[in-house]
Amino acid sequence: MIDLILTSFGLFRGKTFPLNQLTIFFGANESGKSTLFDAIVSSLIKVAGNTAYGKRLKERYGDQRTVKLKDVDPSSVTPGKFLNSYAIREGRIALSEDPKETGDLIDSIEKTLFSSGLSGKNLKDKCIELSSQNGAKKAGKELKRLTELVRLKTEEFKKADSERKLIFSQFSDLPSKEKVRADLEANIQKTKNKLDELQKEKASLELREKFLKQRETLDKVLLWESKESATSSIQKKIESGKEQVIRTHLDQSLQLESTLKSLSEQILSSKEELNRLKSKLHQSENEKNQKLKYESLVFEIDEQIERITTDVAPTKTTVQWNLLSLVIGGISSFLGLGLGIFSFVQSLAIHWLIVSIFLIVFGLVLLLRFSQKQTISVDYSLIEEQMVRLADQLLLRSDGSIQALLKTKQGIRDAIGKFKQSLTILNSAFESIKNQIQELEAKIDQMSLLESKTKIDITALQNSINEILKEFGVATYTEFQDFISEAKSKLVDMQHITAQLRAILPEVNVTSVNLLKVKLKDEISSLEASGVSERFESKDLERLKVIRQLIEKETLLYDQLKEQNTKISSELAHSLGGYQASMKTVLERFDQSRIESDMAKIALESFHKTMKAYENLTTIFDEMDSSVENEMTQLVVSLSKRWKELLPGEGGREIEWNQLTEEAKTHDTSGSLRAIDHLSTGTKELFYFALRLEYALRISEEDGLKWILLDEPFRHMDEMRLRSATAYTIQYLKQKGWNGVVFTFDSELRDTLETQAREVGLPCTVHNLS
């Protein structure tokens with residue numbers, strides 16, 4: 001941001017306009033756009049009063065013009081060059097034709113650049129023609145004429161000098177001394193008359209200058225008086241330190257608001273997390289309760305498994321036969337029976353009967369006691385059947401939530417173990433969620449307390465800020481800033497005026513401003529009574545400077561002439577004889593021939609210097625001609641790029657322009673190659689607009705200026721070309737780092753520029769003038 005400060009300029013008094021990288025002044029006719037244009041030009045460059053632009057400013061705004069760009073020193077670029085290079089007004093592209101501001105050769109080069117192509121060859125040929133010593137050329141003829149003139153005048157001078165020497169040899173040196181004395185007396189009188197006139201004019205101008213200065217000083221005194229009381233109150237307010245206090249409070253308030261926002265977000269997030277945890281707790285509790293319904297079933301099934309497999313396990317009896325005992329027992333019984341019958345029949349001895357009985361008993365014992373064995377064992381098939389029933393019962397009574405993968409004792413117990421494990425996990429998760437909820441509720445309570453405290457702190461700071469704003473008589477911080485800025489500006493102005501007045505006090509031998517005011521009024525009244533005019537312009541000041549220099553010069557000359565005259569008169573008083581009429585004639589002829597000879601030599605020497613200058617330019621333009629193709633190519637490539645950017649959606653329209661073509665050319669929409677000046681007004685202005693920006697970019701490397709002023713530059717463009725030109729201008733300012741100022745009464749152009757600047761991130765400020 002750069003402030004444009006208009007202390008006094010046209011209709012603006014004590015006005016400040018902030019200027020951004022892009023600044024738009026929008027308003028109807030007579031709203032001050034042209035005044036602001038001239039004010040910005042006057043602050044960017046030094047405008048001399050004797051230039052055409054300086055005279056126009058004086059006619060329009062008078063002598064009292066005070067404007068500056070804060071922290072920007074005015075450039076020494078001339079008004080003509082600035083307006084031709086860095087300003088485009090109402091679509092006009094042409095250069096100024098003011099001969100005082102644009103030399104013939106520079107004008108020729110600039111016109112060549114803008115209309116006929118950059119032709120180093122043409123410029124070189126022109127310089128060769130003006131520096132040629134060939135007798136057939138105009139320059140050669142002039143050189144020959146001046147050389148012959150010098151020869152003739154030299155001969156005439158030599159002849160007159162011979163006559164003079166002859167006369168002197170005859171009449172001694174008295175006549176020359178007499179002539180010198182007469183000339184000295186004439187010159188003395190002439191110089192005295194000139195000095196008298198200069199002194200008279202100087203006295204008149206000094207009185208008018210004094211009158212003007214006293215008027216200006218009195219105005220400053222009156223201004224100082226009017227501002228003294230107000231600035232004293234303002235200074236007390238500024239020195240109170242309230243500005244720093246309110247800034248500190250604002251910074252603290254912003255930090256607290258940021259903290260408050262963060263706390264609110266954390267509380268909201270924590271509450272959402274709390275609701276989520278409560279929902280999760282409810283869900284966990286439901287799952288746990290659902291599991292607990294089957295806890296008694298699990299214990300019941302587990303007890304049944306234990307009872308079936310231990311206490312009341314089913315059994316079965318199994319008979320196993322011993323074949324050897326069975327066979328031996330059978331044979332023994334059969335033999336004993338047979339032996340007994342045979343003994344009885346045969347009436348054998350008794351011991352045979354005992355043997356038979358023993359065999360029978362032995363056989364029966366083997367058959368009854370040792371031939372079979374009964375085994376009692378657990379009936380596992382029946383247990384498996386019961387386990388299947390228990391598994392089915394467990395699945396059915398648990399609503400399918402407890403299912404044994406294998407309907408065995410181990411399968412059922414695995415299912416029961418998983419159930420118990422899941423119940424333990426659910427209990428653990430339930431307790432964990434409860435703990436998390438308790439911790440989160442405590443955290444929310446703590447953050448809520450901190451939130452309330454922060455709100456109270458913000459309110460306290462805001463109340464303190466409002467009290468300060470009320471003390472300064474403003475309602476918002478923006479108004480407070482404006483008040484402080486304006487107050488400081490007033491204080492600076494007051495300090496400046498005070499310093500100026502204090503510097504004046506010793507000059508007029510007074511000790512206070514009040515005494516100065518009285519003395520100034522008395523002197524002004526005296527000057528008015530004497531009929532002295534208070535009109536004293538810049539040209540009068542320049543004239544006074546010239547007169548003082550002339551008086552100093554003429555006084556020195558007058559003293560020298562008087563000293564010489566005294567010396568010559570003293571010599572003549574002691575000499576005899578007198579001049580004859582012939583002596584005067586010879587001397588006059590000698591003086592005339594000497595002057596003519598010197599003038600002829602000066603003319604010849606000047607012509608030689610001119611020819612030498614053209615020879616130097618020939619070398620320069622010859623070097624330019626040797627590299628002009630490359631230089632021209634660079635210019636055309638750069639210009640073509642800008643040209644294409646300005647014609648979006650119309651395809652590539654190349655520019656053909658080099659040192660051999662008479663005019664820059666391009667293809668129209670139908671594809672025909674046409675001169676730029678033969679295209680439509682809007683398209684032609686697009687080309688010249690791009691060319692002016694290219695020219696400004698190149699010439700700014702020498703001047704160090706990076707400003708472009710656009711006063712209704714798109715008058716003849718349709719909507720599409722206007723948008724293209726504005727977008728191009730925005731990109732140009734952003735890429736090159738230039739400052740652009742646009743003056744317009746077109747609200748659509750204002751809105752378009754502002755929107756495009758915002759889209760590319762270019763800082764933009766709009767001033768709506770009433």
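Trainee: In what order do the five strands of the open sheet stand?

Mentor: The order is β5-β11-β12-β3-β13, and the pairing is parallel. The model is predicted, so local features need pLDDT of at least 70 and side-chain atom pairs pLDDT 80 or more, while totals for chains, interfaces and linings use all residues. Residues are numbered from 1 along each chain as its sequence is written, and side-chain values use heavy atoms, without hydrogens and water.

Trainee: What makes β5 and β13 edge strands?

Mentor: β5 (87–89) and β13 (764–768) each have a single partner strand, so one side of each lacks a neighbour in the sheet. Two strands pair if DSSP finds at least two bridges between them. Strands themselves are DSSP runs (E, at least two residues), as helices are (H or I, at least four), numbered from the N terminus.

Trainee: How do you know that β3 pairs with β13?

Mentor: Five bridges join β3 (residues 22–26) to β13, and the two run parallel. One of the bridges ties Phe-26 to Asn-768 in β13.

Trainee: Which strands of this sheet does α1 touch?

Mentor: Helix α1 (residues 33–44) packs on β3, β5, β11 (707–711) and β12 (739–744). Contact means heavy atoms within 4.5 Å. The direction of α1 makes about 155° with that of β12. Such angles run from 0 to 180 degrees between N-to-C directions; axes are lines fitted to C-alpha atoms, for helices over the stretch in contact.

Trainee: What makes β1 and β2 a pair?

Mentor: They share seven bridges in the antiparallel sense. Ser-8 stands opposite Arg-13 in β2. Their open sheet has the order β2-β1-β4. Its edge strands, β2 (12–19) and β4 (66–69), each pair on one side only. Helix α1 lies across β1, β2 and β4, at about 110° to β1.

Trainee: Why is α8 called roughly antiparallel to α13?

Mentor: The axes of α8 (residues 242–292) and α13 (residues 409–471) cross at roughly 160° and come within 6 Å. That angle makes the two helices roughly antiparallel. The cut-offs are under 35 degrees for roughly parallel, over 145 for roughly antiparallel, 65 to 115 for roughly perpendicular, and oblique for the rest.

Trainee: Which hand does the crossing of α8 and α13 have?

Mentor: The crossing is left-handed: the near helix is turned anticlockwise from the far one by less than a right angle (clockwise would be right-handed). The contact residues divide into 27 nonpolar, 13 polar and 16 charged. Here Ala, Val, Leu, Ile, Met, Phe, Trp, Tyr, Cys and Pro count as nonpolar, Asp, Glu, Lys and Arg as charged, and the others, Gly among them, as polar.

Trainee: Why are α14 and α15 oblique?

Mentor: The axes of α14 (residues 477–508) and α15 (residues 513–529) cross at roughly 60° and come within 10 Å. The two helices are therefore oblique. α14 passes α15 in a left-handed crossing. Leu-501, Ile-504, Leu-505 and Val-508 in α14 meet Val-513, Leu-516 and Lys-519 in α15. Six of the contact residues are nonpolar, none is polar and one is charged.

Trainee: What makes Phe-9 and Tyr-61 a tilted aromatic pair?

Mentor: Their ring centres lie 4.7 Å apart, with 45° between the planes. Rings of Phe, Tyr and Trp (its six-membered ring) pair if their centres lie within 6.5 Å; planes under 30 degrees apart are stacked, over 60 edge-to-face, and the rest tilted. Phe-9 sits in β1 (residues 2–9) and Tyr-61 in α2 (residues 52–61), 52 residues apart. By this rule the count is ten aromatic pairs.
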